[in-house]
Amino acid sequence: MIVTIMKNIFPILFLLITKYSVLGQSIPISFVNNERVKDTSRIGLDWDERISKITLKSQTEFDFRCFPIRSSCLTWREYNGTWERKNDTLIFYDQYEVVEKDARFTFSNQDQNKYYQLNFRTDKGSKLSDKNIEIQYVYDYDADLKDFKRKMELDTNFSLKIPFNDIPNRKELASIRYEYFLSNGEKRYGYITKTQIVNEKESELPNNIVITFVENPKKETIYRITKAILAYNKLIVLSKEKNKSDLPDYTNEIKFKEVYEVESKK
């Protein structure tokens, strides 16, 4: 009986509380939660990528900030967008772009080859003109070897042969990085690898590789909506959603903490 009464009365109490919303204060105003939880998947790192600070910068603009490693500003991230209030709900809108990879790779092995054969082309069959290319050998992280760069020249078919014996410490080779200029002057660079991490060797790199440059990579805009409820100096994130993309989306999801409180002004 008591539980039922509380369930019925809570919405009324909630509305009464939110009448004294902090949004009556001057903007900008920030909500913070400095609680940290160590990410055990990152050994030796006090890594926490959840949002620590939500700031209403103006009547329409906001930013979210996270500090995965507080002592390293290189890891800090910021997300910006617009917001609006509907009753007791704050709705945050932000967007980002996903872009198709600008190169595709086809791998095969030639049994008798004692070299890597790299073959360059474009997806629309446009002519390549520059014969100069920069190649970098990227080694497995655990090998503790410095990457090695070389300026090389493509042959008349815009192919490149790299003898195995010309690669220092080839047994530790994880990937091959290339840097090349298309005929329109656009620089293309990337890593030839079959793994997710370019400096982690999981297997031998196939010795026959076709690199197809995508001339006009597709782009899509992802629209993201985050909803939070405001209750007497506290902000509670309720939900987050975004539209689906036809392109692979490797963007990290925004992660939130349970409750944010108004930051005191010193």
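**Close-up 1. The surroundings of Ile211 in this predicted model.** Let's start with Ile211 and look past its neighbours within four places in sequence. Which residues does Ile211 then contact? They are Ala103, Arg104, Phe105, Leu118, Asn119, Phe120, Arg121, Tyr178 and Ile192.

**Close-up 2. The largest nonpolar core, with Ile211 among its members.** This core is made of 26 residues. Those touching the most other members are Leu118, Ile133, Ile135, Tyr137, Ile162 and Ile211.

**Close-up 3. A second, separate core.** Here 19 residues form the core, and Tyr79, Trp83, Leu235 and Phe256 are among them.

**Close-up 4. Glu134 in strand E8.** Strand E8 covers residues 132-139, and Glu134 sits within that stretch. Is Glu134 buried or exposed? Its relative accessibility is 15%, so Glu134 counts as buried, the cut-off being under 20%. The side chain of Glu134 makes a polar contact of 3.1 Å with the side chain of Lys151. Setting aside its neighbours within four places in sequence, Glu134 is in contact with Lys149, Arg150, Lys151, Arg177, Tyr178 and Glu179.

Close-up 5. How many disulfides does the structure hold? The number is zero.

Technical notes: Residues are numbered from 1 along each chain as its sequence is written. This is a predicted model: local features need pLDDT of at least 70, side-chain atom pairs count only at pLDDT 80 or more; totals for chains, interfaces and linings use all residues. Side-chain values use heavy atoms; hydrogens and water are left out. Helices (H or I, at least four residues) and strands (E, at least two) are DSSP runs, numbered from the N terminus. Buried means under 20% relative accessible area, exposed over 50%, partly exposed in between (1.4 Å probe, protein chains only). A polar contact is a pair of N or O atoms within 3.5 Å; within protein, one must be able to donate a hydrogen and the other to accept it, and residues adjacent in sequence count only if both atoms are side-chain atoms. Contact means heavy atoms within 4.5 Å. A nonpolar core is a set of buried Ala, Val, Leu, Ile, Met, Phe, Trp, Tyr and Cys residues joined through side-chain atoms within 4.5 Å. A disulfide is a pair of cysteine sulfur atoms within 2.5 Å.
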